[in-house]
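Subject: A structure for you to look through

Hi,

Here is the structure I promised you. Have a look around it first, then read on for what turned up.

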Amino acid sequence: MPLEFTDDPAAFLDATRDHLAADPVQTTVIATVTARYAAGTGSPAPYRWWVIARGDRGQVTGVGMRTAPFAPYPLYLLPMPDDAALELARVLHERGEVVSAVNGALPTARVVADETARLSGRTAVVDEHLRLFELGELVVPPAPVGRLRPATRADAELGRAWFRAFGTDAAEQAGREGTHAMEEFSLEMITARIDDGLIWLWEDETGTPVHLTAANLPANGVTRIGPVYTPREQRGRGFASRAVAEVSRGYLEQGIRCCLFTDQANPTSNRIYQVIGYEPVVDMVSLLVE
């Protein structure tokens, strides 16, 4: 099963365009992250490569990448044949590249993690069960007090603080110790997202921000909502449900499909998104190789 590696994001997008577009919801992460690198706005990372699995006729049968700028620098893999997944684990082991985490679609992520563990005398364990949802028929809930507005540059510091807080609070809500591993966003990165119209704040009747909903630039007609963050003292008032619904409606009106990820261990987020019309598409996983 041939594997092609490249460190050129534009070349990867050219080679996989039809494959990514065939299932733009499941491929949303690879499509948006790679597009940022192709545009020169991707985050610096110790590893930066993409891989393409091809079938006997040269057709693309699977894709993956390693671009995460945060430890333990996980692979991110989408479905590929098991023999390609096994070969990927073996190639990385042979070239001495330490893999301590594998994220992505099942069963591919599990096959790579298990083979990596076998080759290195370690054990693959589940860190987080994820679920990808796509918006079906939108149900807009009643509005709480206040209003949703686009973030401005004056909100950049608050936005960065809430992006950071999301990692800690997401783990807590799922009943896990530690934090949710995610990219460390600089003020410049938050400002760029604000300039691109990708961050919204719900402010209460006094004009005080009480919630943040963000999104990613659309790729292949799909946008990915997140992070979604409400400070602890403001939760349970409907801010997240209404904000995500309003942001989603704005994209739908542009003809753009909406998706988002949830942690399966977090009953609150899984419930509120389904209430407003998000439907499960595929289960994914984050694995550690220890």
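Predicted model: local features only at pLDDT ≥ 70, side-chain atom pairs only at ≥ 80, totals over all residues.

Let's start with the whole protein. Its secondary structure comes to eight helices and twelve strands. The radius of gyration is 19 Å, close to the 19 Å that the globule rule gives for 290 residues, so the protein is as compact as a globular protein of that length. Along the principal axes, the C-alpha atoms fill a box of roughly 60 × 40 × 35 Å. Buried residues make up 51% of the 290. And if you take the contacts with a separation of 6 or more, 71% of them are between residues 24 or more positions apart.

Now for two helix pairs. Two packed helices are described by the angle between their axes and the distance between the axes.

The crossing of H1 past H2 is left-handed. Which residues of H1 and H2 meet? On the H1 side you'll find Pro9, Ala10, Phe12, Leu13 and Leu20, and on the H2 side Ile30, Thr34, Ala35, Tyr37 and Ala38. By class, that contact has nine nonpolar residues, one polar and no charged ones.

The other pair is H3 (residues 82–94) and H4 (residues 108–120), which pack at about 40 degrees with axes 8 Å apart. H3 and H4 are therefore oblique to each other. This time the crossing is right-handed. Among the H3 residues that meet H4 are Asp82, Arg90 and His93, while the H4 residues in the contact include Val111, Glu115 and Leu119. The residues of this contact divide into seven nonpolar, four polar and three charged.

While you're in H2, click on Val29, which lies in that helix. Is Val29 buried or exposed? Its relative accessible area is 12%, so Val29 is buried. Leaving out residues up to four places away in sequence, Val29 touches Met65, Tyr76, Arg224 and Phe261. Val29 and Asn216 are 187 residues apart along the chain, yet their C-alpha atoms are separated by 9.4 Å.

Arg237 sits in the loop between strand S10 (222–229) and helix H7 (239–253), and Arg237 is partly exposed at 49% relative accessible area.

The peptide bond from Leu106 to Pro107 is cis, with omega near 5 degrees; Pro107 is in the loop between strand S5 (101–105) and H4. The bond from Gly226 to Pro227 is cis too, with omega near -5 degrees, and Pro227 belongs to strand S10.

Then there's Tyr73, which has a positive phi of about 55 degrees although it is not a glycine. Look for Tyr73 in the loop between strand S3 (60–66) and strand S4 (75–77). Asn220 is not a glycine either, and has a positive phi of about 55 degrees; its place is the loop between strand S9 (209–215) and S10.

Enjoy exploring!

Technical notes
Residues numbered from 1 in each chain as written. Heavy atoms only, no water. Left-handed = near helix turned anticlockwise from the far one by under 90°. Helix = DSSP H or I, 4+ residues; strand = E, 2+ residues; numbered from the N terminus. Contact = heavy atoms within 4.5 Å. Nonpolar A, V, L, I, M, F, W, Y, C, P; charged D, E, K, R; others polar. Rg over C-alpha atoms; globule rule 2.2 N^0.38 Å. Buried < 20%, exposed > 50% of the residue type's maximum accessible area, 1.4 Å probe, protein only. Axes fitted to C-alpha atoms, helices over the stretch in contact; angles between N-to-C directions. Parallel < 35°, antiparallel > 145°, perpendicular 65-115°, else oblique.
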